Amino acid sequence: MIELRHAGKKFRQGTRQIQALRDVTLVIKKGEFLSIMGPSGSGKSTLLNLMGGLDQPTEGEVFLDGRPLHGITDNEVTLLRRRHIGYVFQFFNLLPLLTAAENVGLPLLLDGLPFSQVKPRACALLRQVGLAERTEHRPDQLSGGEMQRVAIARALIANPAVLLADEPTGNLDSHTSEEIFLLLKSLNNQGQTIVMVTHDPKAAAYGSRIVTLKDGAPAQDISIGEHES
Ligand SMILES: Nc1ncnc2c1ncn2[C@@H]1O[C@H](COP(=O)(O)OP(=O)(O)OP(=O)(O)O)[C@@H](O)[C@H]1O
Ligand SMILES: [Mg+2]
């Protein structure tokens, strides 16, 4: 599903170079729920960005379902991302003037589909994340946990091969966070492949596998539950 081969990422900072990731070789299988842990600065977000095509490796290779994510044009990356990858961020990144249903449908609207065609699927996804009664609400009429549910529904609209989440509850209280983890877990139980970055060991334990990064490289890789390969 996602494969990194000797992937590395250097950032240039003035005259200095920062090796944010070094020699990462990792295979994420279909149906897995992978948690990525590690201290601040260990390269977690950088790794997730390489998996999602948000950034390119400076060394090595990254594949999504056998398709290279490295060395392709920005245009190709954008299309691949919109159609095959769902991304969820710490700050939900919803558009304030759009309703929940419009926010969820946005990736398909950007692909040129009319809202009349997108709306039924957007509303079905909102129902799936427990927001059947909130489809016409704007983000400022929703709680933090509800906004993150909308963001998760939006990430799923194109039926992505993988859902990538970077500290999805970094902005939420512990009770609301647990609800989000349970939602991710239930999506994974329905077959959705998920990669989640988190600081919190309790959150990481919702995954079926935990990879811990240290200084830009995997230091530990443990499997918890069973999953299809
Ligand atoms: N665009 C950039 N330019 C320069 N350096 C960067 C850039 N992005 C990340 N870095 C550096 O790369 C290293 C890894 O950053 P990254 O954001 O992946 O860490 P992280 O594990 O996600 O940390 P956190 O838990 O704080 O979010 C850090 O030292 C960071 O300063
Ligand atoms: Mg980060």
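Helix H3 (residues 100-110) packs against helix H4 (residues 115-128) at an angle of about 120°, and their axes are 8 Å apart. The model is a predicted one, in which local features need pLDDT of at least 70, side-chain atom pairs count only at pLDDT 80 or more, and totals for chains, interfaces and linings use all residues. Residues are numbered from 1 along each chain as its sequence is written, while chains are lettered from A and ligands numbered from 1 in the order in which they are written. Helices (H or I, at least four residues) and strands (E, at least two) are DSSP runs, numbered from the N terminus. Axes are lines fitted to C-alpha atoms, for helices over the stretch in contact, and angles run from 0 to 180 degrees between N-to-C directions.

**H3 with H4**

- H3 and H4 are therefore oblique to each other; angles under 35 degrees count as roughly parallel, over 145 as roughly antiparallel, 65 to 115 as roughly perpendicular and the rest as oblique.
- H3 passes H4 in a right-handed crossing (left-handed if the near helix is turned anticlockwise from the far one by less than a right angle, right-handed if clockwise).
- On the H3 side the contact is made by Ala-100, Ala-101, Val-104, Gly-105, Leu-108 and Leu-109, and on the H4 side by Phe-115, Val-118, Lys-119, Ala-122, Cys-123, Leu-125 and Leu-126. Two residues are in contact if their C-beta atoms, placed from the backbone, lie within 7 Å.
- By class, this contact of H3 with H4 has 11 nonpolar, one polar and one charged residues. Ala, Val, Leu, Ile, Met, Phe, Trp, Tyr, Cys and Pro count as nonpolar, Asp, Glu, Lys and Arg as charged, and the others, Gly among them, as polar.

**H3 with H5**

- The axes of H3 and H5 come within 7 Å of each other and cross at roughly 30°.
- That makes H3 roughly parallel to H5.
- H3 contributes Ala-100, Asn-103, Val-104, Leu-106 and Pro-107 to the contact, and H5 contributes Val-150, Ala-153 and Arg-154.
- Six residues of the contact of H3 with H5 are nonpolar, one is polar and one is charged.

**H5 with H6**

- Helix H5 (residues 144-156) and helix H6 (residues 174-189) pack at about 20°, with axes 9 Å apart.
- H5 and H6 are therefore roughly parallel to each other.
- Gly-144, Gly-145, Gln-148, Arg-149 and Ile-152 of H5 meet Thr-176, Glu-179, Ile-180 and Leu-183 of H6 in the contact.
- The contact of H5 with H6 has three nonpolar, four polar and two charged residues.

**Four-stranded sheet**

- Four strands form an open sheet in the order S2-S1-S4-S5, with antiparallel pairing; two strands pair if DSSP finds at least two bridges between them.
- S2 and strand S5 (67-68) stand at the edges, each with a single partner strand, so one side of each is left without a neighbour in the sheet.
- Nine bridges join S1 to S2, and Lys-9 has Leu-21 in S2 as its bridge partner.
- Five bridges join S1 to S4, where the partner of Leu-4 in S4 is Val-62.
- S4 and S5 pair over two bridges and form a hairpin with two residues between them. Asp-65 in the turn has a positive phi of about 50°.
- Helix H1 lies across S1, S2 and strand S4 (59-64), running at about 125° to S1.

**Six-stranded sheet**

- Six strands form an open sheet in the order S6-S7-S8-S3-S9-S10, and the pairing is mixed.
- Strand S6 (85-88) and strand S10 (217-223) stand at the edges with a single partner strand each, so one side of each is left without a neighbour in the sheet.
- Strand S3 (residues 33-37) and strand S9 (residues 209-214) run parallel and are joined by four bridges. Met-37 has Thr-212 in S9 as its bridge partner.
- H1 packs on this sheet too, touching S3, strand S7 (162-166), strand S8 (193-197) and S9.

**Ligand 1**

- Residues around ligand 1 include Phe-11, Gln-13, Ile-18, Ala-20, Gly-38, Lys-44, Ser-45 and Thr-46. A residue is near a molecule or strand if its C-beta atom, placed from the backbone, lies within 6 Å of it.
- Strand S1 (2-13), strand S2 (16-28) and helix H1 (44-51) each give two or more residues to this shell.
- H1 gives the largest share, three residues.
- By class, the shell has three nonpolar, eight polar and one charged residues.
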